[in-house]
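Open the model in your viewer and keep the selection tool ready. The stops below say what to select and what is there.

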Amino acid sequence: MIRVLKLLIDALFILLCLGLSGFIFILPFEIYSTRIVSVQVKSFEELNNLPFLYWLGIILSIITYILFLIGLNYLKKTTNFFIRNTFFHNTIIKCLKRSGMFFILSAIVLSIAYIIAWMLEASKGHIKLILGTNIMIPLFLCIVGLFFILQSEILDRAKSFKDENDLTV
Amino acid sequence: MKKIKLLNAMVIGLIVIFVMFFIGNIYLTFFSDFMNQFDHIYDDFVFGSSTKFIVLFISSLTFVGLIFIKKGLGVTLKNEVFNSKSSLSFVVAGYFFLLSGALGGVFNIISFIHSNGITGVASFGQDLLLVILSFILFIVVDIIKDGNELRLDSELTI
């Protein structure tokens, strides 16, 4: 099970790295699109004329991506320990906590980016409230992040029980 | 306990959003003519007009998983972290997340191939995250069980 988990985390990490490099590669050319903003650009002059909020939306979306990647990298480190069958280790506790914190941070930045995208629409005179999966993603990321932080605390407490037991023996 | 309470509140928030999402979708699909104007869109989809039902079914699996997470967290709030009751809820939640992530992944891959890459693979990452979360849940259950045994051991020693 742990090997499958490691394989999945590695696959997601590689997929996201490819996505980020692809995005950066595409950026100077014609079209760039994130889940938050989608802009079609035909020339560099048009690129300069884009509103500031678009840039902010794109920059925040890249920051979200990078924060998520850092969180995933800490999770990758954790699984390396899991594979060695060492669960009660300080590094695992630290990595899980950091991973959770980065996931929560990315969820917060993502929420700000969604608010900016909403403000962009509002500045054009359209105000719309959409109940879709986009609202769920930041909340779900927060839940995942909190779960990892919680898991690190559970491990920390279990480790202290184990240390106590070992001392007693 | 504060973090568990916060997590519990967020899970409840997500459950509420899911319920609103389901009510909205059911109303628009079965009790309104609003969606008729978009019927032609489904012609291009690999599963045709069944697509919305497939997506709804996969979302409902995630929803059921969330309900079990809520149940597990409720038990944890009542009986401390290390207990034997919350594990079952987390395991069931893990299986639902695993099923939802796997089916969602298959659905997205089929859509990706059918659309010649137009749909992209962004959603596939979310499905993968759901599967990862399910495996993490299984590991959490193992740690809770081990921790519970260690706690009982140390209590017996005292």
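Select helix 1 and helix 2 of chain B: helix 1 passes helix 2 in a left-handed crossing (left-handed if the near helix is turned anticlockwise from the far one by less than a right angle, right-handed if clockwise). Helices here are DSSP runs of H or I with at least four residues, strands are runs of E with at least two, and both are numbered from the N terminus. This is a predicted model, in which local features need pLDDT of at least 70 and side-chain atom pairs count only at pLDDT 80 or more, while totals for chains, interfaces and linings use all residues. Residues are numbered from 1 along each chain as its sequence is written, and chains are lettered from A and ligands numbered from 1 in the order in which they are written.

The axes of helix 1 and helix 2 of chain B come within 10 Å and cross at roughly 155°; axes are lines fitted to C-alpha atoms, for helices over the stretch in contact, and angles run from 0 to 180 degrees between N-to-C directions. Therefore helix 1 of chain B is roughly antiparallel to helix 2 of chain B (the term covers angles over 145 degrees). Residues making the contact include B:Leu7 and B:Val11 of helix 1 and B:Phe63 and B:Leu66 of helix 2. Two residues are in contact if their C-beta atoms, placed from the backbone, lie within 7 Å.

Next, select the place where chain A touches chain B. The contact takes 33 residues from chain A and 34 residues from chain B. Which helix of chain A gives the most to the side that touches chain B? Helix 5 of chain A does, with 21 residues.

Now color the largest nonpolar core, which has 67 residues. A nonpolar core is a set of buried Ala, Val, Leu, Ile, Met, Phe, Trp, Tyr and Cys residues joined through C-beta atoms within 7 Å. Among the residues that touch the most other members are A:Phe103, A:Val144 and B:Leu133. Leaving aside neighbours within four places in sequence, A:Val144 is in contact with A:Phe103 and B:Leu133.

Last, select A:Phe82, in helix 3 of chain A. Is A:Phe82 buried or partly exposed? A:Phe82 is partly exposed, because 18 other C-beta atoms lie within 10 Å; 20 or more would count as buried and 12 or fewer as exposed, with C-beta atoms placed from the backbone. Not counting residues up to four places away in sequence, A:Phe82 touches A:Ile2 and A:Phe87.

Notes:
Angles under 35 degrees count as roughly parallel, over 145 as roughly antiparallel, 65 to 115 as roughly perpendicular and the rest as oblique.
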